[in-house]
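I opened the model today to look things up, piece by piece. My notes follow.

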Amino acid sequence: MTNYVMEAKNVYKTYCVKGEEKQDIKIVEAVKDVSLQIRKGDIKLIFGPSGSGKSTFLRCMAMLDIPDKGEIYLGDQCLTKPGVDLNKARARIGFVFQHIYLFRHLTALGNVELALRQVLRLPKEEARRRALDALAEVKVTECVSKYPSQMSGGQAQRVGIARALARNPDIILLDEPTSALDPELTGEVIDTLRDLAKEGTTMLIVSHEMPFAKEVAEEMIFYDEGRIIEIGPPSLFFNAPNTDRAKQFMTRIINKTTR
Amino acid sequence: MVLAVEQQLIFILEGVPYTLSISLISFLVGIVIGLPLAFIRSYEKDISFVVDWYEKIFRGVPEIVLLLLFFFGLGAFFPFPFYNAFFVSCLVLGLRSGANQSQIFRGAIHGVGDEQMIAGQSIGLSKWRGVWHIMIPQVFTFSTPGLGSEYALLIKDSAYVYVIGLLEIMTRANQVRINTTDMVAPFIFAAIVYIILTFPIAFWLDRWGNRRKKKIGL
């Protein structure tokens, strides 16, 4: 029995990017020998330059991208072994996308209900009740019967969080949940995440929201060029990171937010 | 046998139920064939060559050839069910429409986008349940007005079945021509009936599609 909700062991992932011309194929090493352990109730935050592979790593954790090498564990179950029912495993992992990706043909309620009805196979009433609870938890009850196109970005992302939350996953992975939103809308999403943090939800978040990180994260992970460069509590990063690269990055990002 | 003008028109109009039922049934057959083909083409690259060949054959061979081949050719060996003009008409037009619709749906799948499928996977849906619950409802919206013109095409193509003697609008108009030696009026009348049949359905499908697109924000 492991103590970890989720664990990545020496994960590698490369992918090809096609350039303008056919011969231009660039191989991107997005994840190079990354290991990470997450305990129940942990809130960890991954940050680092764009294009460094943070999102790819997060998608590997959810097995939305299959790692080339290495192992992903969900509790005791190794997800990277052949023959594992990945759909069942993914049902236990909540995922929130940067660009939200709500199901456009369904209302907020329909978006949240779908997994409850079709994956967990709950009876209609119970699914509805739990979906409404989840929507209330992220404070978007006014959107219950709205379609994604009728919501603001902040409302849509909170519905996205409710969709991930409603089936009580073991962990929620959030891929830059606020970076596609207008600055004035990030606040409401951050508030929602803060509430989840208070309730002890296990979360792995890719984000550059530094004040939020300082407040809720137990551990921050500086990620660059496909590797974890430095891990430590927020105080480490805000005072004196050990590595030069983390130092540079923190200086830049703090200047940007105070300007 | 020379009938009064009124009776001749009624005789032609009695072909409308045949024309409508052939085009409706073959449209549905086309959906049943085209939708899976489009998803195989998009998500099962290993066997998508089957779809390629299917489309090549049924888009490349004229309907008249297929109608005669199925009706007389297959009908000679398997009188049941092939020596039945109605069955063969629906089958041939449906097979051809399936090839067309496969391409319409493929464009729509591309339009809906992979992200919707990935979001479906992220909540624990399997690939094919994602297709059912997430893709198909959106694919139909994206497929208009393509589906509208496909239906109009089927109404028009149903005229080909006069070669196997099914009594739809075209066959009847031709018979009136033979009986009355009027070379013009029966065909002009048939043409008007075809326009009346094609226009509203394509128009309605188009409008339905636009409303749905608005609703889901496209």
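Terms first: helices (H or I, at least four residues) and strands (E, at least two) are DSSP runs, numbered from the N terminus. I looked up what follows H6(B), and found Gly113(B), whose phi is positive, near 95°.

**Source and confidence.** This is a predicted model: local features need pLDDT of at least 70, side-chain atom pairs count only at pLDDT 80 or more, and totals for chains, interfaces and linings use all residues. Residues are numbered from 1 along each chain as its sequence is written, while chains are lettered from A and ligands numbered from 1 in the order in which they are written. I checked pLDDT, the predictor's confidence in each residue, from 0 to 100. Chain B averages 91, and 98% of its residues score at least 70. For the complex, the predictor gives an ipTM of 0.89 and a pTM of 0.88.

**Helix H6 of chain B.** I compared its length with expectation, which is 1.5 Å times one less than the number of residues. H6(B) covers residues 85–112, so its 28 residues should span 40 Å; the end C-alpha atoms are 39 Å apart, which agrees. Is H6(B) largely buried or exposed? I call a residue buried if 20 or more other C-beta atoms lie within 10 Å of its own, exposed if 12 or fewer, and partly exposed in between; C-beta atoms are placed from the backbone. In H6(B), 22 of the 28 residues are buried, so the rest of the structure largely encloses this helix.

**Core.** A nonpolar core here is a set of buried Ala, Val, Leu, Ile, Met, Phe, Trp, Tyr and Cys residues joined through C-beta atoms within 7 Å. The largest one has 137 residues, and Met61(A), Ala162(A) and Leu173(A) touch the most other members. H6(B) gives the most to this core, with 13 residues. I then listed contacts (C-beta atoms, placed from the backbone, within 7 Å). Beyond its neighbours within four places in sequence, Ala162(A) is in contact with residues including Val112(A), Ala134(A) and Leu135(A).

**Chain A.** I found nine helices and 10 strands in chain A. Buried residues make up 44% of its 259 residues.

**A sheet in chain A.** Strands pair if DSSP finds at least two bridges between them. Four strands form an open, antiparallel sheet in the order S2-S1-S4-S5. Which strands are at the edges? S2 (25–39) and S5 (77–78) of chain A are, each pairing on one side only. S4(A), residues 69–74, pairs with S5(A) over two bridges. Tyr73(A) has Cys78(A) in S5(A) as its bridge partner.

Terms used: Contact = placed C-beta atoms within 7 Å.
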